[in-house]
Amino acid sequence: MSFTAADHGYMAQALRLAQRGLNTTSPNPRVGCVLVYADRVIGEGWHEKAGGPHAERVALENARAGAESSKLIAGATAYVTLEPCSHFGRTAPCAEALMAAGIQRVVAAMPDPNPLVAGKGLARLAAAGIQVECGLLETEASELNIGFVSRMTRGRPWLRLKVAASLDGRTALGNGVSQWITGPDARRDGHVWRARSCAVLTGIGTVRDDNPRLTVRELATTRQPLKVVIDSRLETPIDAAVLAGGNVLIVAAVEDIGRAAALRAAGAEVIALPDPSQKVNLPSLLQELGRRGINEVLVEAGSRLNGSLMREKCVDELLIYQAPTLMGDSGRGMFDLGELTRMNDITRLAIIERRMVGIDLLTRARWRGQAS
């Protein structure tokens, strides 16, 4: 399918609009829409939050608000970053709204991975005589909604594992002291990743050692992520900072009625997901988070939980902030992966981004074959 330079420009504009919902649309996808008539933008919009109007409806209302542009809707082209929905959810189908408005052409960046849509929206538009095209800037659109796509296709969220380390790969001194390895710019950037995530996950070791809050504080946000604590034996202190304000899920491997009741009284939700070794079943936890509508998870934990997540193949992406410091061999490592004795067993990654964040270096990596 051939798209013009103008098509690319309008879809890029729609993607920039979708980006505005980066931190707010969960569990819905981030979507932008641009309406064009005769090389003129007559309306635009983006989905802001679940329960609110979808991008196509916002763009239509934006166009209708103008005395001149309202006359041009019939016959316009809609550039939308995700296939228009065809089912009734919290709002009416966007495909129907575009048809009723008289849109003549719809260009979608990608099909909707939601089984409730999955091509039905585009088919409905085509059946109504609308020219339908799909696949323009699909990679960029899929990347923007990587967590939503993961949840719809795998039943589990996209999991990013964040590590702050020295240049020699140490995350803490031998005595556990770790604040602060990286500089303020890197810590602020970490909050940017928290803000877009639906959940922030840590382990009981980090709760005991660092007493983190796991909230977004370095930028304005209207939504705080769910705080998830892996705590096999329900050892989270009742006065732990992570419990403040509620919105916390503690995942155990034991059924301890007394401890669970105390944590629930402190504002936590407690569930048990044991594996055969009486540890938390990490793949089952990701499936549970997927059922709860969690699209993206950010892990901020220690080497043991990091290693367990890696071994259980739960990690999709690494965010490694490296400070220009050396901490020595006695410091704690990034991943407890056990001893490897064959080069064939090492983890091979593809670096997808490297950039300076203040004085620190951020490396983003994914498994080879997974990088986009």
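This is a predicted model: local features need pLDDT of at least 70, side-chain atom pairs count only at pLDDT 80 or more; totals for chains, interfaces and linings use all residues.

Residues are numbered from 1 along each chain as its sequence is written, and side-chain values use heavy atoms, with hydrogens and water left out.

**Exercise 1.** Determine the strand order of the five-stranded sheet and identify its edges.

Solution. Helices (H or I, at least four residues) and strands (E, at least two) are DSSP runs numbered from the N terminus; two strands pair if DSSP finds at least two bridges between them.
- Step 1: the order is 2-1-3-4-5, in an open sheet with mixed pairing.
- Step 2: strand 2 (40-46) and strand 5 (131-134) each have a single partner strand, so one side of each has no neighbour in the sheet.
- Step 3: strand 1 (residues 32-37) runs antiparallel to strand 3 (residues 77-80) over four bridges, and Cys33 has Val80 as its bridge partner in strand 3.

**Exercise 2.** Describe the nine-stranded sheet and the packing of helix 6 on it.

Solution. Contact means heavy atoms within 4.5 Å. Axes are lines fitted to C-alpha atoms, for helices over the stretch in contact, and angles run from 0 to 180 degrees between N-to-C directions.
- Step 1: the open sheet has the order 10-9-8-7-11-6-12-14-13, with mixed pairing.
- Step 2: strand 10 (268-272) and strand 13 (349-357) are the edge strands, each pairing on one side only.
- Step 3: helix 6 touches strand 6 (158-166), strand 11 (296-299) and strand 14 (360-367), and its direction makes about 130° with that of strand 6.

**Exercise 3.** Characterise the largest cavity by its volume and its lining.

Solution. On a 1 Å grid over the protein atoms alone, a cavity is a set of points where a 1.4 Å probe fits but cannot get out; lining residues have an atom within 4 Å of a point. Points are joined across faces, edges and corners, and the volume is the space filled by probe spheres set on them.
- Step 1: the volume is about 80 Å³.
- Step 2: 18 residues line the cavity, with Thr25, Asn28, Arg30, Asn295 and Glu296 nearest its centre.
- Step 3: helix 6 (residues 146-154) supplies the largest share of the lining, three residues.

Definitions and conventions: On a 1 Å grid over the protein atoms alone, a cavity is a set of points where a 1.4 Å probe fits but cannot get out, and a pocket is an open set with protein on both sides within 12 Å along at least five of seven lines; lining residues have an atom within 4 Å of a point.
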